[in-house]
Amino acid sequence: MNLSVVIVNYNVKYFLKQCLESVYGSERVLKDGSTVELDVWVVDNDSVDGSVEMVRRDFPQVHVIENHENVGFAKANNMALACAAGQCLLLLNPDTVVEKDTLVRCADFMLAHPECGGLTVKMVDGDGNFLKESKRGFPSPQASFYKISGLIRLFPHSRRFAAYYMGHLPEDETNEIEIMPGAFLMFRREVYEQIGGLDESYFMYGEDIDYSWRIHLAGWKNFYLPETHIIHYKGESTKKGSMNYVYTFYNAMSIFVKRYFSGGNAWLFNALLRCAIWLRASASWLKRLASRVAVPLADFFVAYGGFVLLKQLWATQWANNIDYYPAEYTQVVIPVYILVLMCASWLAGGYDKPVRPMRIVKGMGAGLLLLLAFYSLLDEGQRYSRMLLLAGSAWTLVGTLLIRWILSVLDVKGYALRARRRGNVLVIGSESQAERVRNLYLSMGIPRENVITGTQASRLQDLIRIERVEEVVFCGADVELKEIISLMATLKTTGVEYKIAPAAGDFVIGSESILSKEALYLDSLDTISTDTCRRNKRLFDIGSATLLLLFSPVLFWFQHRKRLFYGHCLQVLCGYCSWVGYRGRKGIFLPSDIAPNNSPEVQERLMLRYMRRYKTSTDAAILLRNWNRI
């Protein structure tokens, strides 16, 4: 039996590598004695993280389709489906891991049930929790309303109120369902030949719902098979609650509503759906905004209160006149002082996480020098008091540090002033694999003595408690995924974080983080991944793009690519790209453009050096060298 597996990838190289390893490590022998012949396709939607190079190097048997733009999930899948030749076709997300028996169990079920047009399996997340979207019902107006209103949470097993997730069907029982998730969607070639590929009107989201329902309407049955599992890490492409997510999701649901709902109530359902999605997005946006401005607002009001108090004391004790300072000093001058100090602190990284007190001190020191320089240029009548400026700035600095100390005492994430003692890492696997994991963690700066091993499942809970374990790493070469999922369920009450070390490759992967030797630059304080470096890079982009546009009447005539000049300047100014690109960020130029005509090896070294030791001066040098090629 030939099985074609189609994986659409977008900047998730490590997830993709682990996924492919699990696919090729699967069992191949069916119940009737025949074997499963794999035909694997990876469609890459213009990734910039080296995904394509990794697949071609480590999995030469995989068919690769490399797109030079993100064409969306549906269109990318269709590109591979048009070429695939399997009797069964499987759409698989790159952020999944399949058990050894997953593919053969699904193929056996297909052969034993000729009425089955499509099927999916039980999915769990990176912590072993069951994912309700493993089995879904048709998103009728009623089912969608019960989900959006929250009634589904009150009655999670009701046939009526939990119809969206078919909550009345046990999660460990094979059943016919209506909607299958796109993370694992297997169907027959006859189905594909009958109904065609995915609807490319959907860019992302909704295409799996549409395709599942089309299979149902064509007379086939869709099944949920919980006898085997996959891990689905979920959500690496779009953050829920973001405006991009809202637009994409609403557009998909709007297409679905117009296509499958008719009559006078269709417009009402569409309007309610739109309102619900935008309300949810707005609430998420407001929550994120509040979390970002809460600390700066606290800094401002504490500083303002201190300035006003000092002004009152100074006016009373020194001038013997409570009204010595005019109203505009309190209403305008003091807020300007504080904003200058806070902006200088922000530019120095004082609002980055984790918090670094010296950045705040340096930033406010620079802000104070700027204020004093400006103060000296004012007329005598506008100089209110240099002493108040110095005292108020000192108050602002102390108040800001005090707020950070309180947040640190309250254990607010990102505000720890003292490094928390790291818990131990428990590796479950053979000694040779554990040694490999130890060496990897050592390269990450984690001492070898923090990495311990354990293999007896019966004593793992005691070991986690006694050894202060906060992270469990399963060695994929020694522990099968079925056992990993079982252990996750057993250890759920311990609160540890889980990761998997694949059989090959120097990395471990989990729901929240990926550790790899290749990605060492992520832990460097000077790396381009830090908020400070990204902010400085963005400020340089805005400033240089503005200057180039201002002087464009002259610069334009010296350009070798005149038709691209204004477009590139505007793209950089609006944040669509940077002057100098790197992995994960598109740019007009690359770090290798500092010295063109280099070999691929030299270009790669320049890229890594740029990312590890980013400086704004490097961007300036590259832009100056290529100023006539913009």
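The notes below start with the basis of the model and then take each topic in turn.

The model is predicted, so local features need pLDDT of at least 70 and side-chain atom pairs count only at pLDDT 80 or more, while totals for chains, interfaces and linings use all residues. Residues are numbered from 1 along each chain as its sequence is written, and side-chain values use heavy atoms, with hydrogens and water left out.

**Salt bridges**

- The whole structure holds 22 salt bridges, each a side-chain nitrogen of Lys or Arg within 4 Å of a carboxyl oxygen of Asp or Glu.
- R105 pairs with D101, with the closest N and O atoms 2.6 Å apart.
- D101 is buried at 11% relative accessible area, whereas R105 is partly exposed at 34% (buried is under 20%, exposed over 50%, partly exposed in between, with a 1.4 Å probe and protein chains only).
- R105 also forms a salt bridge with E227, at 3.1 Å between the closest N and O atoms.
- This second pair links strand β9 (residues 221-232), which holds E227, to helix α4 (residues 102-112), which holds R105, across 122 residues; helices (H or I, at least four residues) and strands (E, at least two) are DSSP runs numbered from the N terminus.
- E227 has a relative accessible area of 42% and is partly exposed.
- D352 and R535 form a salt bridge with the closest N and O atoms 3.1 Å apart.
- D352 sits in the loop between α11 (327-347) and α12 (357-377) and R535 in helix α17 (residues 531-550), so the bridge ties together parts 183 residues apart in sequence.
- D352 is buried at 6%, and R535 is buried at 9%.
- Shared partners join E99, D101, R105, E227 and K482 into one salt-bridge network.

**Second largest pocket**

- The second largest pocket contains about 930 Å³ of space.
- Its lining has 39 residues, of which V48, G50, E53, R583 and E604 are closest to the centre.
- A pocket here is an open set of points on a 1 Å grid over the protein atoms alone, where a 1.4 Å probe fits, with protein on both sides within 12 Å along at least five of seven lines; lining residues have an atom within 4 Å of a point.
- Helix α2 gives the largest share of the lining, six residues.

**Surface patch**

- L402, W405, I406, V409, L410, V412 and L417 form a nonpolar surface patch with about 650 Å² of accessible area together.
- Such a patch joins nonpolar side chains (Val, Leu, Ile, Met, Phe, Trp, Tyr) within 5 Å, from residues with over 30% relative accessible area and no salt bridge; areas come from the Shrake-Rupley method with a 1.4 Å probe.
- I406 lies in helix α13 (residues 386-409) and is partly exposed at 39%.

Notes:
Patches are made of residues with over 30% relative accessible area and no salt bridge: like charges are joined within 9 Å, nonpolar side chains (Val, Leu, Ile, Met, Phe, Trp, Tyr) within 5 Å. Grid points are joined across faces, edges and corners, and a volume is the space filled by probe spheres set on the points.
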